[in-house]
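This briefing is for a reader who is meeting the structure for the first time. Please look at the sequence and the model, then read the points below by topic.

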Amino acid sequence: MDGTAPSRDDLLSSAAVIVDQPTTPAPPEAPEDRVTFGLSAFDPRPSLMAPSIAPPTSTAPYVSVVVPGLNEADSLAELALRVDQALRGRFTYEFIFVDDGSTDDSWAVIAKIHAENPLVKGIRLRKNFGKATALTAGFRKAKGDVVVTMDADLQDDPADLPSFIAKVQEGLDVVVGWKVNRLDPTNRLVLSRIFNGTVRSLTGVKLHDMNCGFKAYRREVLRTFPIYGDLFRFIPALAAWQGFRVTEIPVRHHARKYGTSRYGLERILRGFFDLLSVLFLTRYSKKPMHLFGLIGLVFTAVGLLINAYLTFLWFFGHKIGDRPLLLLGVLMILLGIQLFSMGFIGEFLAFQMQQRHQTDELPVREEIE
Ligand code: UDP
Ligand code: MG
């Protein structure tokens, strides 16, 4: 398998096989008797209800390896070969390459590899949407009981795949790779340390590298959350919050063989925003009033105190109309009421979502009947 592009006809014939029809089933009907607050016409977008992973089929492989890639044509052949060497004869598997709008030969190369090994499949996004969207597209197509994600650049070592699968077979739900000897530029290492330390202390999930691209999931985990934006980086935190068993295993890590990192340092900044979202989602998404209500209460109370003090002065004949403090008091009361209202809207939305999801699976691990 070399990296040269096949002819156009080769491509056209194999590309037709590669792109599957969407397999997402229609969302389940909402129960008839749910309380709707007179909003029965309100219907969230169907995509919100769609499972993040394809339904299993009788011919489904045991393992799905999902690989997002942007301009990784040079490494794909070697990667597919080494994944095959690691898994063939041990597990049934599929290799799903998601081409995230590459401008190099990646798609042609994957079509060529597919012709030789039909277990290698491809999805091509219309343009570069980022790793999150690429992974989501891969998850939708993945049919395996175990879904492994790995980078396309050969920095993750396919020889580690069996250890990931073994952990899932042991009963763990999410297995995160820990790059013990990480071979990336020093500035990346330092920033990543700081980031991971913050994530560890704020989420309480003790992982060395939550952001590692090399991870394995029991398919149930991916069915549980809608994965959007860049939140996929925090799936271990979200999963732990839902009671899934999360662990990490040491993995080998190699320096990038071809090209440079597809990311700049702005990723860290965005990571912190995502961290804030995750903290909010895991702590308050079911009870937003506990956050907004509390802050609203503090603001309103301070505002009322200030204005009570000014009213007191006013009764004793002081002029208060030109006091900046009056402005502050009024502002605090208004902000407090606004925060309260946000809390109510949040509660209302949380309640609505709860109603819609009543028929969904409960977080039950096992049952005795
Ligand atoms: N990647 C992608 N879309 C993007 C950026 C990156 O699919 O917009 C892929 C990339 O091809 C690689 C993986 O995500 O397979 C990790 O990217 P990279 O190796 O550049 O990140 P690093 O290893 O430096 O963290
Ligand atoms: Mg890399």
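Helix α7 (residues 186-203) and helix α10 (residues 266-284) pack with their axes 11 Å apart and at an angle of about 5 degrees. α7 is therefore roughly parallel to α10. Axes are lines fitted to C-alpha atoms, for helices over the stretch in contact, and angles run from 0 to 180 degrees between N-to-C directions. Angles under 35 degrees count as roughly parallel, over 145 as roughly antiparallel, 65 to 115 as roughly perpendicular and the rest as oblique.

This is a predicted model, in which local features need pLDDT of at least 70, side-chain atom pairs count only at pLDDT 80 or more, and totals for chains, interfaces and linings use all residues. Residues are numbered from 1 along each chain as its sequence is written, while chains are lettered from A and ligands numbered from 1 in the order in which they are written.

**The α7 and α10 contact**

- On the α7 side, L191, F195, T198, V199, L202 and T203 meet I268, G271, L275, V278 and L279 of α10. Two residues are in contact if their C-beta atoms, placed from the backbone, lie within 7 Å.
- Sorted by class, the contact of α7 with α10 has eight nonpolar, three polar and no charged residues. Ala, Val, Leu, Ile, Met, Phe, Trp, Tyr, Cys and Pro count as nonpolar, Asp, Glu, Lys and Arg as charged, and the others, Gly among them, as polar.
- L276 lies in helix α10 and counts as exposed, because it has 10 C-beta neighbours inside 10 Å. A residue is buried if 20 or more other C-beta atoms lie within 10 Å of its own, exposed if 12 or fewer, and partly exposed in between, with C-beta atoms placed from the backbone.
- L276 and L202 are 74 residues apart in sequence, and their C-alpha atoms are 9.5 Å apart in space.

**The chain as a whole**

- The chain has 12 helices and seven strands. Helices (H or I, at least four residues) and strands (E, at least two) are DSSP runs, numbered from the N terminus.
- Of the 369 residues in the chain, 34% are buried.
- Among the contacts in the chain with a separation of 6 or more, 84% are between residues 24 or more positions apart.

**The surroundings of ligand 1**

- Ligand 1 is surrounded by 17 residues, and the closest are P68, D100, A152, S261 and R262. A residue is near a molecule or strand if its C-beta atom, placed from the backbone, lies within 6 Å of it.
- β1 (63-69) and α5 (131-141) are the elements that give two or more residues to the shell around ligand 1.
- That shell has six charged, six polar and five nonpolar residues.

**Helix α5**

- α5 is mostly covered, with 10 of its 11 residues buried. The buried residues are K131, T133, A134, L135, T136, A137, G138, F139, R140 and K141.
- The cover over the buried residues of α5 includes β1, β2 (93-99), β3 (120-124), β4 and α8.

**Helix α12**

- Helix α12 (residues 324-356) has 33 residues and reaches 48 Å from its first C-alpha to its last, close to the 48 Å expected at 1.5 Å a residue. The expected span of a helix is 1.5 Å times one less than its number of residues.
- G329, M332, G336, L339, G343, G346 and R356 are buried in α12, and what covers the buried residues of this helix includes α11 (288-315).
- F344 also lies in α12, and F344 counts as partly exposed, because 15 C-beta neighbours are inside 10 Å.
- The C-alpha atoms of F344 and K287 are 9.7 Å apart in space, while the two residues are 57 residues apart in sequence.

**Residues in loops**

- N71 lies in the loop between β1 and α3 (73-87). N71 is not a glycine, yet has a positive phi of about 55 degrees. N71 is partly exposed, because 19 other C-beta atoms are within 10 Å.
- L154 is in the loop between β4 (146-149) and α6 (161-170). L154 has a positive phi of about 70 degrees, although L154 is not a glycine. L154 counts as buried, because it has 20 C-beta neighbours inside 10 Å.
- L231 is in the loop between α8 (219-224) and α9 (235-241) and is partly exposed, with 17 other C-beta atoms within 10 Å.
- Not counting residues up to four places away in sequence, L231 touches D274, S277 and V278.
- L231 and A132 are 99 residues apart in sequence and 7.7 Å apart in space, C-alpha to C-alpha.
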